[in-house]
Amino acid sequence: MPHNIIELRDLAKTYYMGETRVDALRGVSYAIEGGDFLAIMGPSGSGKSTLMNILGCLDRPSSGQYLLDGEEVSKLDKNRLARIRNQKIGFVFQSYNLLARTSALENVELPLLYSSVNGNDTTERAMRALAAVGLAERSHHKTNQLSGGEQQRVAIARALLNDPALILADEPTGNLDSRTSSDIMNIFKTLNEEKKITMIMVTHESDIAAWARKRIYLLDGLIVREERD
Amino acid sequence: MLKRSLMHGARTFRVALRALGRNKMRSFLTALGIIIGVGAVIAMVSIGEGAKRGIEDRFAAMGTNLLFVSPGSRNVRGVHSGWGSFQTLTADDAAAVAELPAVMYTSPSVSTRAQVVYGNKNWSTSIQGTGARYPEVRSWEIEIGSYFDDNQVRTAAKVCVLGADVKTNLFEDEDPVGKVIRIKKIPFKILGTLKRRGESAGFGSRDDMIAIPYTTSMRRLQGIDYISSIDVRAASAAQMPEAQQQIEDLLRVRHRIAPGAEDDFQVRNMSDIAETAAESTKIMTILLGSIASISLLVGGIGIMNIMLVSVTERIREIGIRMAVGARERDILLQFLTEAIVLSLIGGLIGIGFGIGSSKLLKKIEMFASINTVVSVESVMLAFFFAAAIGIFFGFYPARKASRLDPIEALRYE
């Protein structure tokens, strides 16, 4: 019986751009089971990014509840949120977000710099994560010496480093060609099926969304439709 | 726990070094501000210390068992006149002081200025009338010839001994001993010359003078019957207070000063004078040091400037670090460490630069009279000041970095 890794209860987010009030999320309730593979779709301005930021503990909701792994995280302070990002969440971004002029290995090691774990086996762990995405032999290449697909694989290795419960991918294939895109999606699929890591992915490409087992559609800050395989 | 925080510190330090290494030229130029600042502080303070050491050495050479008796202020029906305004000291006072048990030598002294002529050369200089024991009292050394003796003092002989400057100005390389010069048109036979003693602190050359018997000066040059001071060398440094007391008691009796009335003379000792001189060089050191520390302050502003630029350039990096779990404190520490590393590296190079330039200063002909002494205290002070500047000026940019919103930072182009 898989438990819910994420439970959202009536989640709302309001912010102000100058004088204008923007209701980015207007009461989202949804549960994601551990080991699920979910795609979030919707037009721009539908609230996908806001939802991703809240799911990723980069932002806090204005109201409602967010239970991550059974823990209410919507009211936590910045330091506790940073700790949760470090320990439970792996991020994969559209533009890779690797440190420039830094080796693949050092990029992958980055989360360990902010973990309280003992640092003796950092290199070993980073190498294992790089091997998991098939980049072990390129560990000493600098970011700018790697192709787009390779950079994204380094980013995935970095996301894997602290054995997260959850990987959040924001348009992970947005900057890649279709062949490289399916390589990346294959890695996600493997991680999801073999390591039982929960995958949540924002995309606007339906063929990429098709890799997921569930798809939800957002419009004007609300979930309007859910599809399951 | 300690091991972990040490390891964390080492990691933060390594990250900072790597970040600074990515912009070597910029890091160097930023550190240069601190290098110059620390170097300037050390060099300037070393000049002050050198001057202080020079004065101390000079006083030590003269001996600390020197006392000076000078005429004092006199109270005439409630009206005070200034020090030295009364001519109360006489040659007999000096002779009486010389007999005291705690006194080794004394010499009366008078002084005036006069034009001195030798052949077609002339020179205006200070004429110091002294006793025969004056070289012993003041630690003067004779270069060639001899000083005048008691007999010549008693008879007010027309003899003189030249200071090094006067010798050079009137005789150049010629041997002056036995020659005759005219002081106020009176012929004086030269007995010898004094060794060069160098500049005194702020009072001009101490070699621009001629010594003659005080009796000669009083009777033949000045026409006075009082002396301007008595220089006394006590039997030993330990007997200084004793000597001072004996002199005061003796002079009160000789000058018939009623018990309770004020002295009409004053006795000062060398260590008081040395202390005053040391005090004035200390003020000079502080002044030089504070002017130099302004450049250190400017270097600190340079660090702040570059760190602000660096934070703006690395907003994206800060966002990434926050996304993978960096707390505000981690980001703050990282940028603060970079600023401190910059200022410490600058401080270390600056110490070398400061010590080097103060050594170099001694070697340059033009500054030959400047002595420099690099003290451990000034090096430590400059180094810790540099570190403090790194912390102070690094804090604002580091705080700015740590307060960034991770979402905005990740989106920043």
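A helix here is a DSSP run of H or I with at least four residues, and helices are numbered from the N terminus.

Is Arg26(B) buried, exposed or partly exposed? A residue needs 20 or more other C-beta atoms within 10 Å to be buried, and 12 or fewer to be exposed. Arg26(B) has 14 other C-beta atoms within 10 Å, so it is partly exposed. Along the chain, Arg26(B) and Ile306(B) are 280 residues apart, yet 8.1 Å separates their C-alpha atoms.

Now the helix pair in chain B. Helix α9(B), residues 270–313, packs with helix α11(B), residues 328–363. The angle is about 145°, and the axes are 11 Å apart. The crossing of α9(B) past α11(B) is right-handed. Which residues make this contact? From α9(B) they are Gly299(B), Ile303(B), Met307(B) and Val311(B). From α11(B) they are Phe335(B), Glu338(B), Ala339(B), Leu342(B), Ser343(B) and Gly346(B). Sorted by class, the residues of this contact are 6 nonpolar, 3 polar and 1 charged.

Next, the sheets of chain A. There is an open sheet of 4 strands, in the order β2-β1-β4-β5 of chain A, with antiparallel pairing. At its edges stand β2(A), residues 20–33, and β5(A), residues 71–72. Each has a single partner strand, so one side of each has no neighbour in the sheet. Strand β1(A), residues 4–17, runs antiparallel to β2(A), and 11 bridges join them. One pair you can find on the screen is Ile6(A), whose bridge partner in β2(A) is Ile32(A).

Another open sheet has 6 strands, in the order β6-β7-β8-β3-β9-β10 of chain A, and its pairing is mixed. What stands at the edges of this one? β6(A) and β10(A), residues 222–228, do; each has a single partner strand, so one side of each is left without a neighbour in the sheet. On average, neighbouring strands are turned by 20° against each other, direction ignored.

Both senses of pairing can be seen here. β6(A) and β7(A), residues 166–170, pair in the parallel sense over 4 bridges. Gly90(A) has Ile167(A) as its bridge partner in β7(A). Strand β9(A), residues 214–219, and β10(A) run antiparallel, joined by 6 bridges. There, Arg215(A) has Glu227(A) in β10(A) as its bridge partner.

Stay with β6(A), residues 89–92. Ile89(A) and Phe91(A) point one way, Gly90(A) and Val92(A) point the other way, and all are buried. Helix α5(A), residues 148–160, lies across β6(A) and β7(A), running at about 170° to β6(A).

Now to where the chains meet. How many residues does each chain bring to the contact? Chain A gives 20 residues and chain B gives 17. On the side of chain A that touches chain B, the elements giving two or more residues are α2(A) and α3(A), residues 104–113. The largest share of that side, 6 residues, comes from α2(A). By class, the side of chain A has 8 nonpolar, 6 polar and 6 charged residues.

Both helices deserve a look. In α2(A), residues 78–88, we find Gln87(A). Gln87(A) has 18 C-beta neighbours inside 10 Å, so it counts as partly exposed. In α3(A), 10 of the 10 residues are buried, so the helix is largely enclosed by the rest of the structure. Among them are Glu106(A), Asn107(A) and Val108(A). They pack against α2, α4 and α5 of chain A, together with α1 and α10 of chain B. From Gln87(A) to Val108(A), the C-alpha separation is 14 Å.

Last, confidence. The predictor gives the complex an ipTM of 0.94 and a pTM of 0.74. Chain B has an average pLDDT of 86, and 93% of its residues score at least 70. Within chain B, the mean is highest in helix α10(B), residues 315–323, at 95, and lowest in strand β2(B), residues 75–76, at 55. Where pLDDT is low, the predicted coordinates should not be read in detail.

How values were computed. Residues are numbered from 1 along each chain as its sequence is written. Chains are lettered from A and ligands numbered from 1 in the order in which they are written. This is a predicted model: local features need pLDDT of at least 70, side-chain atom pairs count only at pLDDT 80 or more; totals for chains, interfaces and linings use all residues. Two strands pair if DSSP finds at least two bridges between them. Two residues are in contact if their C-beta atoms, placed from the backbone, lie within 7 Å. Ala, Val, Leu, Ile, Met, Phe, Trp, Tyr, Cys and Pro count as nonpolar, Asp, Glu, Lys and Arg as charged, and the others, Gly among them, as polar. Axes are lines fitted to C-alpha atoms, for helices over the stretch in contact, and angles run from 0 to 180 degrees between N-to-C directions. A crossing is left-handed if the near helix is turned anticlockwise from the far one by less than a right angle, and right-handed if clockwise. pLDDT is the predictor's confidence in each residue, from 0 to 100.
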